[in-house]
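This report goes through one protein structure part by part. Look at the sequence and the model first, then read on.

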Amino acid sequence: MRGSLLGRRTATRLRQVAISAVGSAKIKLLLCCCVLFAFFATRTAPFMGWTDHAASLNSFSGSRRGYALLINTWKRNDLLKQSISHYTSCRGLDSIRIVWSEPNPPSDNLVKFLTQVVQSNSRDGRQIELKFDIHEEDSLNNRFKELKDLKTDAVLSIDDDIIFPCSTVEFAFSVWRTAPNAMVGWVPRMHWIEKLNGNAGRYIYGGWWSVWWTGTFSMVLSKAAFFHKKYLSLYTNEMPASIREYVAKNRNCEDIAMSFLVANATGAPPIWVKGKIFEIGSTGISSLGGHIERRSECVNMFVAEYGRMPLVSTSLKAVDSRNIWFW
């Protein structure tokens, strides 16, 4: 009886030791996985265009920490007023640059109204700068003309008919600060290699539904995106002139041209940020017939000019976890 009891106690103790050993092994395996993940994350981050947050903050020491709103408009003063009235309430806004390509200069009433809006929202020691950049030529290239007097590194390129909540804008700005060489935006697009009809090597432009179906993208459109001000200089002075000429002639694809430019400079994909988008204007050119075909022509023309396809595909998406219950 005593021997039987001793045997049971010994077996129980052995099971406890075994369970403890398995638990310890699991913990050690988990710790090893965490260490390996951290190691590979730090090694692959530069490839993806991401940088150390503290290091990126140091790079802004020579400029202001906010961003410049670069807004493109065309004969829609009501939308321009609505957009600027909204964005001046966003705390990170440092300045507003209005791309004006209309044949007539902005009216005194428009300038007065926008000036009053800016002044009313320039509080707590913050002074928002407002400036019209007037262009004699009506060209889509105007939205990326070099601006040598910008005081911030960050540029938020936006169309006058799109509004994002300030919380969405500030989150995207925080994402951009961790990857200041990347384009960070809300409107993703994709390119595909055409494999039908013997057109191997030809590319097709993929719209939103392509991104939604596959979860893959290689561009974020400049109608709503952050990028570094240096790309304005590159677009104006170093991008192939033939691409600017093509954009001016066809009145299309300046946004694709900027995506090509950034991808060619970084060798990395853009960053797609989740956010609410409110379109306050009428339907744009994307709703017209033949839109995908014309955009595909742009992609293939740009590939020919660069001598290769610089766009990099990815499926990564930045999401503000503070606004979701489970992730």
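Two strands count as paired if DSSP finds at least two bridges between them. The model shown here is a predicted one. In it, strand β7, residues 188-193, pairs with β9 in the antiparallel sense, over 2 bridges. In one of the residue pairs, Pro188 has Val220 in β9 as its bridge partner.

Strands β7 and β9 belong to an open sheet of 3 strands, with the order β8-β7-β9 and antiparallel pairing. At the edges are β8 (203-206) and β9 (219-220), each of which pairs on one side only. As background, the strands of a sheet pair through backbone hydrogen bonds, and the pairing is either parallel or antiparallel.

## The protein as a whole

The protein contains 10 helices and 13 strands. Of its 327 residues, 45% are buried. Among contacts with a separation of 6 or more, 82% are between residues 24 or more positions apart.

## A buried strand

How many residues of strand β2 (residues 93-100) are buried? The count is 8 of the 8, so β2 is largely enclosed by the rest of the structure. A residue counts as buried when its relative accessible area is under 20%.

Strand β2 pairs with β3 in the parallel sense, and this pairing runs over 6 bridges. Within it, Ile96 stands opposite Leu130 in β3.

## His135 in its loop

His135 is found in the loop between β3 (129-134) and β4 (152-159). Is His135 buried or exposed? Its relative accessible area is 14%, and the cut-off for buried is under 20%, so His135 is buried.

The side chain of His135 reaches the backbone oxygen of Asp133 at 3.4 Å. Leaving aside residues up to four places away in sequence, His135 touches Val99, Trp100, Ser101, Glu102, Asn142 and Lys145.

## Two packed helices

Two packed helices are described by the angle between their axes and the distance between the axes. Helix α9 (residues 254-266) packs against helix α10 (residues 291-306) at an angle of about 35°, and the axes are 10 Å apart. The crossing of α9 and α10 is right-handed.

Which residues meet where α9 and α10 pack? On the α9 side they are Asp255, Ile256, Ala257, Phe260, Leu261 and Asn264, and on the α10 side Arg295, Cys298, Val299, Phe302, Val303 and Tyr306. Sorted by class, this contact has 9 nonpolar, 1 polar and 2 charged residues.

## Two residues with positive phi

Lys75 is not a glycine, yet its phi is positive, near 50°. The residue lies in the loop between β1 (64-72) and α3 (77-87). With a relative accessible area of 54%, Lys75 is exposed, since the cut-off for exposed is over 50%.

Arg251, which is not a glycine either, has a positive phi of about 50°. Its place is in the loop between α8 (241-250) and α9.

Technical notes. Residues are numbered from 1 along each chain as its sequence is written. This is a predicted model: local features need pLDDT of at least 70, side-chain atom pairs count only at pLDDT 80 or more; totals for chains, interfaces and linings use all residues. Side-chain values use heavy atoms; hydrogens and water are left out. Axes are lines fitted to C-alpha atoms, for helices over the stretch in contact, and angles run from 0 to 180 degrees between N-to-C directions. Helices (H or I, at least four residues) and strands (E, at least two) are DSSP runs, numbered from the N terminus. A crossing is left-handed if the near helix is turned anticlockwise from the far one by less than a right angle, and right-handed if clockwise. Contact means heavy atoms within 4.5 Å. Ala, Val, Leu, Ile, Met, Phe, Trp, Tyr, Cys and Pro count as nonpolar, Asp, Glu, Lys and Arg as charged, and the others, Gly among them, as polar. Buried means under 20% relative accessible area, exposed over 50%, partly exposed in between (1.4 Å probe, protein chains only). A polar contact is a pair of N or O atoms within 3.5 Å; within protein, one must be able to donate a hydrogen and the other to accept it, and residues adjacent in sequence count only if both atoms are side-chain atoms.
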